[in-house]
Amino acid sequence: MNFFAVVVLYNTFVNDSITIKKLKSIHSHSINIVVVDNSTKDMKNEEETKANNWAYLSMNGNKGLSKAYNCALEYLKNKEGIVIWFDDDTNVTQEYFDELELNAEKYEDADIFVPVIQGQDGKYWSPNEARFLKNKQMKASDQNIPNNRNMIYIIVCTARIMAGLAEQKTERRPEVKAIQGEWKRWK
């Protein structure tokens, strides 16, 4: 299974990125690293990235995460695999990829996988449901995720891409799974 780990850098040297260090230590999965450089300073990341045979996409300054993500999707539009979005300080583990691969094979119909994020305060921060004044948080990790257009996520999802998927327009709702031990499906 192909993984595309998109790492967005901001004024960080690529080899100082916690995410890059962690990704380099994971050897049992096919992980293609795509560095999107949102830096406002020249960090000399292009040379180091290319020396490691990773893809390098410069944003020529801080254009924001949405434009950085879209730039990566444009680059990946003719590739097939799973895209994972990372900041430069994500402490990603071997177990994360083990669990993702296992569940991606188990739930072949899923288009988007989202993690369940529980804070130190015990509250579930992602996914949650958008409301007018205050978002509605999950009460338990095994709670069903409602299927509505107001569902929001604190962090960006892991998404399957197929050749040309970035260009396709569709009315079909994506199949979503959330993970915390078990993967959950929108009902």
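**Reading contacts, rings and cores**

Mentor: Start in the loop between β4 and α4 (94–106), where aspartate 89 is located. Helices (H or I, at least four residues) and strands (E, at least two) are DSSP runs, numbered from the N terminus. This is a predicted model: local features need pLDDT of at least 70, side-chain atom pairs count only at pLDDT 80 or more, and totals for chains, interfaces and linings use all residues. Residues are numbered from 1 along each chain as its sequence is written, and side-chain values use heavy atoms, with hydrogens and water left out.

Trainee: Which residues is aspartate 89 in contact with, leaving aside its neighbours within four places in sequence?

Mentor: Contact means heavy atoms within 4.5 Å. Setting those neighbours aside, aspartate 89 is in contact with Ile18 and Thr19. Its C-alpha atom is also separated by 9.8 Å from that of threonine 12, 77 residues apart along the chain.

Trainee: How is a pair of aromatic rings described?

Mentor: By the distance of the centres and the angle of the planes. Rings of Phe, Tyr and Trp (its six-membered ring) pair if their centres lie within 6.5 Å; planes under 30 degrees apart count as stacked, over 60 as edge-to-face and the rest as tilted. This structure holds four such pairs. One of them joins tyrosine 69 and tryptophan 85: tilted, 4.6 Å centre to centre, 50 degrees between the planes. It links distant parts of the chain, from helix α3 (residues 65–76) to strand β4 (residues 81–87), 16 residues apart.

Trainee: Are tyrosine 69 and tryptophan 85 buried or exposed?

Mentor: Buried means under 20% relative accessible area, exposed over 50%, partly exposed in between (1.4 Å probe, protein chains only). Tyrosine 69 counts as buried because its relative accessibility is 14%. Tryptophan 85, at 13%, is buried too. Now take tyrosine 96 and phenylalanine 97: edge-to-face, 5.3 Å centre to centre, 85 degrees between the planes. Tyrosine 96 has 28% relative accessibility, so it counts as partly exposed. Phenylalanine 97 is buried, at 0%.

Trainee: What lies over the face of tyrosine 75?

Mentor: A charge sits over a ring if NZ of Lys or CZ of Arg is within 6 Å of the ring centre and within 35 degrees of the ring normal. Here lysine 79 does so, at 5.0 Å from the ring centre.

Trainee: Which side chain does histidine 29 join through a polar contact?

Mentor: A polar contact is a pair of N or O atoms within 3.5 Å; within protein, one must be able to donate a hydrogen and the other to accept it, and residues adjacent in sequence count only if both atoms are side-chain atoms. The partner is glutamate 101, at 2.6 Å. Histidine 29 is in the loop between α1 (18–24) and β2 (30–37). Its 14% relative accessibility makes it buried.

Trainee: Which residues of the largest nonpolar core touch the most other members?

Mentor: A nonpolar core is a set of buried Ala, Val, Leu, Ile, Met, Phe, Trp, Tyr and Cys residues joined through side-chain atoms within 4.5 Å. The largest has 23 residues, and Leu23, Ile31, Val35, Phe86 and Phe97 touch the most other members. β1 (2–9) gives the largest share, four residues. A second, separate core of 14 residues includes Phe4, Val8, Ala55 and Ala68.
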